[in-house]
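Here is a short report on one protein model and its ligand. Keep the structure in view as you read.

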Amino acid sequence: MNYYSLHKEATNVSFKEAVIKGLAPDKGLYFPETITPLSPDFIQHISNYSNEEIALEVIQQFVGNEIPENVLKEIIKETLCFDFPVVDIEDSIKTLELFHGPTMAFKDVGARFMARCLGYFNKDHDKDVTVLVATSGDTGGAVASGFLGVKNVNVVILYPSKKVSEVQEKQLTTLGQNIKALEVAGTFDDCQAMVKNAFLDESLLSKMQLTSANSINIARWLPQMFYFFFAYKQLVDKEQQLVFSVPSGNYGNICAGMLAKKLGLPIHQFIAATNANDIIPEYLQTEEYHPKPSVQTISNAMDVGDPSNFIRIQQLYNNKFNLLKEDLYSYSYTDYQTREAMLHLYKKCDYVADPHGAVGYLGIKTYQKEHPNTQCIFLETAHPVKFLDVVEPVINESLEYPPQIRSIIDKKKEAFSIENYEQLKSFLLKN
Ligand SMILES: *Cc1c(COP(=O)(O)O)cnc(C)c1O
C-alpha cells in the first residue's frame, strides 16, 4: 500500500517509509492511496472471529506485503494482549473500555503496534532511529511503555511541565533504558511546535534518523480502527443504529473510527466530544476552522488547539463539508459539566469514569435529545486512576492503584528540563 501526503507536494511512499518518516517532507500527513471495503460477509459474521483475526483483516490492506503475514500476526498478537470490554451504563448507553493495557490508556494499542513495526523495519540497520514525541498526557506513557527495550530505537518524549497528572508523569519518566523524558516549560502546543520544528530542521535530519510517534504516524493511527470492530463484535443487537461518542483531542481516534465506517462497519454517526477546546464544534457550526491556543482543562489529553488529524477526517469526506456534517456531531463541555457527569455516573450508574470518558458520556446525552432510539457507545479512553486528583474529590472516594500503576508510582522521576527549540536540538545531538 502506498501513501500520499495531504499537502500533495511530496512523492508517494510505501507503508514502511511512511512509518519511518512519520510526517511527509512537505509537512503533510500521510493518507492511504486506496481504501477498499471489507467483505460484507466478514462483517456480518464478525462474532465468529477472534480479536487477532479481526485486526489482521482490518489492517492487512494498509500494510500490504511490506511485513510478511506471519510477522504481522505476531505484531498483532503482541499488540492486543489485553481486553476491550463493552460495559452497560444506562438504557441505550454503553461504554467501550480501552484502558486495560499496560499504561491504562487507549494509546497503548497504537504505540505497541507502531513500536513493533518500526522495530521490524529497522532490524537490519546499524543506525538507530530516534522517535520524537510530544505528549499532552497519555501518549508519552503509552509510547514509553510500547517502545521500551525495542532494539535500535531511541525514544525522546516532550511533555508540558506541571500539566500532566502525577501518574502520567511517572509513566514517562521512570522507565529508563532507551526512553528519555524532556520536561518543557510551556504548553502541549509548545511541545508539539518544537517537535514539528525538529522534523523540518535539515541540519538535524542530516545527522540523525528522526520519526514521530504522535497520532500523525500511520502506524499509530490505523490500528485504532480495531476498537470499533471489537465493540461491534460484542453487541447483541446489531440492527439498531449505532453511534460512537469519542472524546477527542487530536482527532486521531475518531478519524480511525470513520475509516472503519469506510471499510463497511455499520456505524450510523459519530460524536466528537471535547472540553473547552472547541475548535471542531465551532467549525461544524460555522464551517470556519480557527485554531486557537489550547486551554487547560481537567481532561488534559484533549487540550489541543489545532487538532492535527482533522485534515484526515476532511479527506475521508473528500473535503465536502455537507457530507461530513451528516456523519459528525461535535459538542464542547466545561470542566464543571464534566465533574457533574462523573458524579452522576458514579451515583446513578455505579460507574467511575475518568474525565475524558465523562466528556464522551456528555456527548451522548446531548445527541440523544435529538436522536432517540439510537444505541450509543462512548469510548472510555483512560482508567480513572490516571486522573486521581480530579476523580477522587468528585466522587469523594479513594481509588486503589491497579498493579500497572503500583509498580511505577514510587520510582524516581528522571527528566531533563528544556525551554526552547535550541535546547531540544542540542539534547538530540548529544544523546
Ligand atoms: C489522547 C487521548 C484522547 C484524545 O484522543 P485523540 O486521538 O487525540 O483525539 C482522549 N482521551 C485520552 C485519555 C487520551 O489519552
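In β3, Y4 has F31 as its bridge partner. Strands pair if DSSP finds at least two bridges between them. A strand is a DSSP run (E, at least two residues), numbered from the N terminus.

The open sheet holds 3 strands, in the order β2-β1-β3, with antiparallel pairing. Its edge strands are β2 (13-14) and β3 (30-32), and each pairs on one side only. In general, backbone hydrogen bonds join the strands of a sheet.

## About the model

This is a predicted model, where local features need pLDDT of at least 70 and side-chain atom pairs count only at pLDDT 80 or more, while totals for chains, interfaces and linings use all residues. Residues are numbered from 1 along each chain as its sequence is written, and side-chain values use heavy atoms, leaving out hydrogens and water.

## Around the ligand

The ligand is surrounded by 15 residues (a heavy atom within 4 Å). The closest are K107, D138, G249, N250 and T381. The shell divides into 6 nonpolar, 7 polar and 2 charged residues. Here Gly counts as polar, and Asp, Glu, Lys and Arg as charged.

For G249 the distance is 2.8 Å. For N250 it is 2.8 Å. For G252 it is 3.2 Å. The protein buries 97% of the 380 Å² that the ligand exposes when taken alone (Shrake-Rupley method, 1.4 Å probe).

Technical notes: A polar contact is a pair of N or O atoms within 3.5 Å; within protein, one must be able to donate a hydrogen and the other to accept it, and residues adjacent in sequence count only if both atoms are side-chain atoms. Helices (H or I, at least four residues) and strands (E, at least two) are DSSP runs, numbered from the N terminus.
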